[in-house]
Amino acid sequence: MPRTLSARFRRAHRVVVPLAAAPLLLTAASGSLYSLLLERGIDAFWLLKLHTGKLGPINLQPYYSLLLGVLTLVVIASGLALLLTSGRARA
């Protein structure tokens, strides 16, 4: 178990970021790809469904915006906590 607060924040950040980054990257990639394909005259509507949270049999559309917002705040908070504790350790 980590001894210092900074080590605990680092460990938590390492766990949280990949979990939070996956849906954020999926949303960014599917939105960009959909826009790119639409410019070329290809309507890939399935990308738009993926972009809004319809992941095959799992339909997160009613909650997906809230989920992305919360995940973004969690990543920011964990990063700031890590930054602030490592700043204190250096001082």
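In which helix does Ile76 lie? In this predicted model, Ile76 is found in helix α3, which is formed by residues 64-90. The relative accessible area of Ile76 is 45%, so this residue is classed as partly exposed, a value that falls between the limits of 20% for buried and 50% for exposed residues. Ile76 also takes part in a nonpolar surface patch of about 510 Å², to which Leu73, Leu80, Leu83 and Leu84 contribute as well.

With a relative accessibility of 14%, Thr27 counts as buried, because a residue is taken as buried when its relative accessible area is under 20%. When the neighbours within four places in sequence are left aside, the residues in contact with Thr27 are His51, Tyr64 and Leu68.

Apart from neighbours within four places in sequence, Leu55 is in contact with Leu26, Leu50 and Leu60. As for its position relative to Thr72, a separation of 17 residues in sequence corresponds to a distance of 20 Å in space between the C-alpha atoms of Leu55 and Thr72.

How values were computed. Residues numbered from 1 in each chain as written. Predicted model: local features only at pLDDT ≥ 70, side-chain atom pairs only at ≥ 80, totals over all residues. Heavy atoms only, no water. Buried < 20%, exposed > 50% of the residue type's maximum accessible area, 1.4 Å probe, protein only. Contact = heavy atoms within 4.5 Å. Patch = residues over 30% accessible without salt bridge, like charges linked within 9 Å, V, L, I, M, F, W, Y side chains within 5 Å. Areas by Shrake-Rupley, 256 points an atom, 1.4 Å probe, with all protein chains shown as cover. Salt bridge = Lys/Arg side-chain N within 4 Å of Asp/Glu carboxyl O. Helix = DSSP H or I, 4+ residues; strand = E, 2+ residues; numbered from the N terminus.
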